[in-house]
Amino acid sequence: MCGRARLADDWSEIKIRLKFDSDAPAPNYEYNHNLAPTERMMTAIRSEGGKRTPRMMKWGLIPSWAKDTKLQYSTINARSEEFTTKPAFKDAWKRGQRCLCVMTNFYEWKKLDGKGKEKQPYAIFMAGRKPMVMAGLWSTWRDPLNGEEVLSCTILTCGPNNAMAEIHNRMPCILGESDWAKWLGEESASNDELLALLAPCPDEWLEIFPVDKKVGNVRNKGPELILPVTS
């Protein structure tokens, strides 16, 4: 978790909500109702000039030392309890390469039987349908074959709040607006203060409902994927 998401907010809304720099160019993205690992995710970073800047990044962090992109499938998430010492993530953490991962909502699957063969997908939104902002890390990797620079990211996860515990034992670290600047390094904070932000959000922040199982197929990309169904 989190392994599937949705990005379907207008850029104008995201720009205002995230307080991106007024001169920041609009990122090149299309609505994606079933965003899967290795696809491009919208992020916010603090640029060298200290401005909040949008970047589209590959979902699945590729460490700068990686020889190829194979690792990205196992690095879409980083556990908040251990990422600071994990080889794939510790360099980004030490370098202060923290980002905000921005999405409309994410999906999670609830096991309906003991073996997990039967599962019900759920859509998880912010209450009021505001853009969802998660704590993340990012990295720059250069492809040894063609020299292309690839930006990639991971979403940090924590234990669930009461609402998410009904579905899954993990959830993304969703940040409130008052903590965005601190996580990005726009406001000073110690490592302990930053790590303290990586906790489950309040239950009332979330709106959760079951959706059709066809969201499990990455080829399905239509807006009907977020229509509520009877679980």
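Is Arg129 buried, exposed or partly exposed? At 38% relative accessibility, Arg129 counts as partly exposed, because buried means under 20% relative accessible area, exposed over 50%, and partly exposed in between (1.4 Å probe, protein chains only). Before going further, keep in mind that this is a predicted model, in which local features need pLDDT of at least 70 and side-chain atom pairs count only at pLDDT 80 or more, while totals for chains, interfaces and linings use all residues. Residues are numbered from 1 along each chain as its sequence is written, and side-chain values use heavy atoms, with hydrogens and water left out.

Back to Arg129: look for it in the loop between β8 (119–126) and β9 (132–142). Its phi is positive, near 60 degrees, and the residue is not a glycine. Most residues other than glycine have a negative phi. Thr38 is another such case, with phi near 80 degrees. You'll find Thr38 in the loop between β2 (32–35) and β3 (40–46), and at 23% relative accessibility Thr38 is partly exposed.

Now zoom out. The protein chain has five helices and 12 strands; these are DSSP runs numbered from the N terminus, with helices being H or I of at least four residues and strands E of at least two. For 231 residues, a compact globule would have a radius of gyration near 17 Å, and the chain's 17 Å agrees with that. The radius is taken over C-alpha atoms, and the globule rule is 2.2 Å times the number of residues to the power 0.38. Along its principal axes, the C-alpha trace spans about 50 × 40 × 35 Å. Of the 231 residues, 49% count as buried. As for contacts (heavy atoms within 4.5 Å), residues 24 or more positions apart account for 66% of those with a separation of 6 or more.

Last stop, Trp65, which sits in the loop between β4 (52–59) and β5 (77–79). Trp65 is partly exposed, with a relative accessible area of 47%. Leaving aside residues up to four places away in sequence, Trp65 touches Leu71, Pro87, Ala88 and Asp91. Lys110 is 45 residues from Trp65 along the chain, and their C-alpha atoms are separated by 36 Å.
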